Amino acid sequence: MDGRARVLVVGGGPAGSTAATLLAREGMDVTLMERAVFPRYHIGESLLPACLPILDLLGVREKVERQGFRVKGGAHFDWGAEQWDIGFGDRPGWEDSYSYHVERADFDHLLLEHAKSQGVTVREGVEVKQLVFDGERPTAARWAPAQGGPERELAFDYLVDASGRAGLMTRYLRTRRHHEVFKNVAVWGYWTGAGPIAGPEGAIEICSVTDGWFWGIPLRDDRLSVGLVVHKDHFAARRALGHDLERIYRDAIAESPVMSDLLSRAERVAPLRVEQDYSYAADRFTGPGYFLSGDAACFLDPLLSTGVHLAMYSAMLASACLASTVNGDVSEEHASAHYERTYRTAYLRYLVVVSSLYNQYRGKTSYFWEAQRLTLRDCAADDIELAFANVISGIEDLHDAQAALDLAVEVTDRSLAQMIAMRKETPDRAAAASPQESELAQARAQLFNSGKMGYAQTGGVKAAPGLYLVTKPRLGLAYQSA
């Protein structure tokens, strides 16, 4: 054995850096291993406002502010036959809310360097080759330089798998499942000289086309990230006709009046990039001595820019659960079950809303009501857009984490009726529906049966009611007072 750490974090992206920093700030001995040497390119450039409190918790917000990233004030939707804006600063209690559009190479590098400054032992350019287990519990990692070299072994008490799509623990669990409807292909490039995006200052453009949709993300230095997302079957059909990436991308732009106008005087300044089959979730997000965080656990269609949010949010939850376990405040089983249900609720809620949006014929009001039925907080009937804004900004997830929800005392009659309706809308009922409708029905049913809204058993352990996230005086979990 070449060494030991209290916690091993695998992966240096936003999930790994967040978990490592928070745990180190709680006084733990943390080692982080990352295959790449930062900075390195990564897609997923638009953040949600819920990242701001986490940046504060990390003690890194001032460093991020000094980077001069483009401020994101909201989103502009050109979706189906409708247009609407969501302004983050318009939300009650979040009047000064905003987010950023970031170059991930710079943002991720900043977070990793900050982790080093907080006492995390960071090893870049190394690869975890194999895990050693005691039963189902990982206890050591065999690693070596990514470019080749002698293999070494590090023992640990706890593992945070933030290894991204590669999914270190997935090799052993084999429980990752891809979503049929969201087996999409994304093709994107970078432009300069684009026209202004409608909506709030710094808004992201989200624009539907016949066979998919576009994102438009304004970055620093007059650059615009423009991505096309289509189902892989449509993409394959176009390729079978002999169409290359360039033609598929350009034809979709020409089809869209919004994107054509936005790029009419613009010039693309980088080669096209492509990714596919990126929407998936593991059956288990946690187990004995380990947590799957960020993309190692799940990733959803990029429609609502949830990637970095779910990464940092899950890392914060994992850190709180782990800290409380180590401190003896909460049993490992209860902490793990709390993590499973809280993280999965956030993921499933986005899955339902994104599935709903893919049914473009339904209209924006239906999306707003869909968001409302997925929360336990009522919005006024004349401001139902608020529920949608709370969900797509990540605010609802923070509320869930910090609220000691107990169905026995806090579920209103309205919420209970909505939950029952969700439970009745089972996959069997949707068997004859379109693939999008079937995916939506399955997501709703799973949300009720597996998420925080249902308080179902997770991994054979029923989570203790009344657990919630606290950040002061220390990060951890606490029980609701009787």
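Predicted model: local features only at pLDDT ≥ 70, side-chain atom pairs only at ≥ 80, totals over all residues.
When I call a residue buried in this talk, I mean that its relative accessible area is under 20%, and when I call one exposed, I mean over 50%.

Let me start with helix H12, which covers residues 385–392 and is largely enclosed by the rest of the structure, because 7 of its 8 residues are buried. Those buried residues are Leu386, Ala387, Phe388, Ala389, Asn390, Val391 and Ile392. What do they pack against? After H12 comes Gly394, which has a positive phi, near 85°.

Which strands pair with S14? On one side of the sequence there is S13, residues 204–209, which pairs with S14 in the antiparallel sense over 5 bridges, and the two form a hairpin with 2 residues between them. Within that pairing, Ser208 has Trp213 of S14 as its bridge partner. Strand S15 is also antiparallel to S14, over 7 bridges, and here Trp215 has Gly227 of S15 as its bridge partner. S14 and S15 likewise form a hairpin, with 4 residues between them, and in that turn sits Asp221.

That brings me to the backbone. Most residues other than glycine have a negative phi, and most peptide bonds are trans. Asp221, although not a glycine, has a positive phi of about 60°, and it counts as exposed because its relative accessibility is 69%, over the 50% cut-off. Arg174 is not a glycine either, and has a positive phi of about 55°; this residue is found in the loop between helix H5 (170–173) and strand S11 (176–178), and at 70% relative accessibility Arg174 counts as exposed.

Where are the cis peptide bonds I want to point out? One runs from Phe38 to Pro39, with omega near 0°, and Pro39 is in the loop between strand S2 (30–34) and helix H2 (51–58). Another runs from Lys472 to Pro473, with omega near -5°, and Pro473 has its place in the loop between strands S22 (467–470) and S23 (476–479).

Notes. Residues numbered from 1 in each chain as written. Heavy atoms only, no water. Buried < 20%, exposed > 50% of the residue type's maximum accessible area, 1.4 Å probe, protein only. Pairing = 2+ DSSP bridges.
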